[in-house]
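The sequence and the structure are shown first.

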Amino acid sequence: MEIIKLNKMKHWYKHSDKHYIIHRDISISSFTNKEGIINLEGVKLWRDGLPFVDHVLRTDTHFLFVETIQDAEIIEETQGMVEETHS
């Protein structure tokens, strides 16, 4: 699993050959009742209610509400962004 921070709020997640932007992560326990049963309808409601989210991934502890990046290709990897100014 590779997660790269895009900015203060969002992360880029690469899993196998698929790429995602993580818009929200919520603890699995937030969707689990006293008997330990996960409320998948609640997960679907969150997925459908968050802008740009089209998929949910699961880790050992969290649901990741993600946007699938179609046909992503890394052109250049850099350590930081450089802003050019024109005078």
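## Basis and confidence

The model is a predicted one, in which local features require a pLDDT of at least 70 and side-chain atom pairs count only at pLDDT 80 or more, while totals for chains, interfaces and linings use all residues. Residues are numbered from 1 along each chain as its sequence is written, and side-chain values rest on heavy atoms, with hydrogens and water left out.

The pLDDT, which is the predictor's confidence in each residue on a scale from 0 to 100, averages 82 over the chain, and 71% of the residues score at least 70. Confidence is highest in helix H1 (residues 40–49), at a mean of 97, and lowest in strand E1 (residues 2–5), at 58. Where pLDDT is low, the predicted coordinates should not be read in detail.

## Overall composition

The chain contains 1 helix and 5 strands. Helices (H or I, at least four residues) and strands (E, at least two) are DSSP runs, numbered from the N terminus. Read from the N terminus, the order of the elements is β-β-β-α-β-β.

Of the 87 residues in the chain, 21% are buried; buried means under 20% relative accessible area, exposed means over 50%, and partly exposed lies in between (1.4 Å probe, protein chains only). Contact means heavy atoms within 4.5 Å. Among contacts between residues at least 6 apart in sequence, 42% join residues at least 24 apart.

## Strand pairing

Two strands pair if DSSP finds at least two bridges between them. Strand E5 (residues 62–69) pairs with strand E3 (residues 18–27) in the antiparallel sense, over 8 bridges. Within this pairing, Asp 25 has Leu 64 in E5 as its bridge partner.

Strand E5 is also joined to strand E4 (residues 55–58), by 4 bridges, and these two strands run antiparallel. His 55 has Val 66 in E5 as its bridge partner. A hairpin of 3 residues connects E4 to E5.

## Nonpolar cores

A nonpolar core is a set of buried Ala, Val, Leu, Ile, Met, Phe, Trp, Tyr and Cys residues joined through side-chain atoms within 4.5 Å. The largest core has 8 residues, namely Ile 26, Ile 28, Phe 31, Val 43, Leu 50, Val 53, Phe 63 and Phe 65. Apart from it lies another core, of 6 residues, including Tyr 13, Tyr 20, Ile 22 and Leu 57. In soluble globular proteins, nonpolar side chains tend to be buried together.

## Aromatic rings

Rings of Phe, Tyr and Trp (its six-membered ring) pair if their centres lie within 6.5 Å; planes under 30 degrees apart count as stacked, over 60 as edge-to-face and the rest as tilted. The whole structure holds 4 aromatic pairs. One of them, formed by Phe 31 and Phe 63, is edge-to-face, with 5.6 Å centre to centre and 80° between the planes. Phe 31 lies in the loop between E3 and H1 and Phe 63 in strand E5, so this pair ties together parts that are 32 residues apart in sequence. Phe 31 is buried at a relative accessible area of 7%, and Phe 63 is buried at 5%.

The rings of Phe 31 and Phe 65 have centres 6.4 Å apart and planes at 45°, so that pair is tilted. Because Phe 31 lies in the loop between E3 and H1 and Phe 65 in strand E5, the pair ties together parts that are 34 residues apart in sequence. Phe 65 is buried, with a relative accessible area of 0%. Phe 31, Trp 46, Phe 63 and Phe 65 form one aromatic cluster.

## Individual residues

Arg 24 is located in strand E3 and is partly exposed, at 37% relative accessibility. Not counting residues up to four places away in sequence, Arg 24 touches Trp 46, Leu 50, Phe 63, Leu 64 and Phe 65.

Most residues other than glycine have a negative phi. Ser 16, although not a glycine, has a positive phi of about 55°; Ser 16 lies in the loop between strand E2 (11–15) and E3 and is exposed, at 58%. Phe 52, also not a glycine, has a positive phi of about 75°. Phe 52 lies in the loop between H1 and E4 and counts as exposed at 62% relative accessibility.
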